[in-house]
Amino acid sequence: MATEGRAGESSSRSKRVDAQRNRQTVLTAAAEVFVTSGVDAPIRQIAAKAGVGMATIYRHFPTRADLVTAVYRHQIEACAEAGPNLLASAGSPLDALRQWTDLFVDFLVTKHGLADALQSDSDRFAALHAYFLDRLLPVCAQLLNAAVEAGDITPGTQPYELMRGIGNLCIGRDNDPRYDPRRLVALLLQGLQRPHTS
C-alpha cells in the first residue's frame, strides 16, 4: 500500500513538473510571438511556436488577458533577476548596467500592445504597472549605485528617470524599421559616464 502511495505521489509530482515546464514553454513562445506579431497574435501561432496544443494554452491561460499578463510578469521577473546576476558576472558595474538596459529594451519591445490588450481590465493593468515598478526600480537603483561607487558614472541619475527615458526612446520603434532604440539608449548611457571613463 505504501509503495502505491509513493508511486502516486511520484506520478503527481511528475505531472506538476510537466505542467510547469509547459507553462514556461508557452510563456517563452508567447513573448517571442508578441515581439513579431503583437499581443493580438493568433493563439494557434503561439501554440505552434511552443510545440503544444491550443488546449494546453487555454488550460493554463483561459483568456488572452491571462496570457498577456503572465508573459508580462514572467519578463518582469527575468529582468529583475538578471540585475544582481549581471553585477556578479560582468566585467564592471557599467558593463552590468549596459547589459541590463539591453534586457530592459527587449522587455519593453515585448510588452508592446499590453495596454490595449488589457484595456477592458484597467485594474489588472494598474496592478501590473505597480508590480513592474516595485520589482524593477530597486534593481535599476542597485545597478546605478554600483556604477557610481565604481566611478563609472556621475551620481544623481534616478532609477525612474533612467527607466522612463529608455521607455521613451523605445516608443518610435514600432512605426519606423530604420529606428534603432538601442543606439540611442547607448548614447544615453554614454552621457551618464564620467569623462575619464572610456
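How many aromatic pairs does a search of the whole structure find? The search of this predicted model returns 6 aromatic pairs.

A pair of aromatic rings is described by the distance of the centres and the angle of the planes.

| Pair | Centre to centre | Angle between planes | Class |
|---|---|---|---|
| Y72 and F132 | 6.4 Å | 15° | stacked |
| W100 and F104 | 5.4 Å | 5° | stacked |

The pair of Y72 and F132 connects distant parts of the chain.

The rings of W100 and F104 count as stacked because their planes stand at 5°, and the class requires an angle under 30 degrees. Both residues lie in helix α5 (residues 93-110), where they are 4 residues apart, or about one turn of the helix. W100 and F104 are both buried.

Which residues do ring pairs link into a cluster? The cluster consists of Y72, W100, F104, F107 and F132. Its members thus include Y72 and F132, which form a stacked pair.

A contact of another kind involves R73, which lies over the face of Y131 at 4.0 Å from the ring centre.

Note on methods. Residues are numbered from 1 along each chain as its sequence is written. This is a predicted model: local features need pLDDT of at least 70, side-chain atom pairs count only at pLDDT 80 or more; totals for chains, interfaces and linings use all residues. Side-chain values use heavy atoms; hydrogens and water are left out. Rings of Phe, Tyr and Trp (its six-membered ring) pair if their centres lie within 6.5 Å; planes under 30 degrees apart count as stacked, over 60 as edge-to-face and the rest as tilted. Helices (H or I, at least four residues) and strands (E, at least two) are DSSP runs, numbered from the N terminus. Buried means under 20% relative accessible area, exposed over 50%, partly exposed in between (1.4 Å probe, protein chains only). A charge sits over a ring if NZ of Lys or CZ of Arg is within 6 Å of the ring centre and within 35 degrees of the ring normal.
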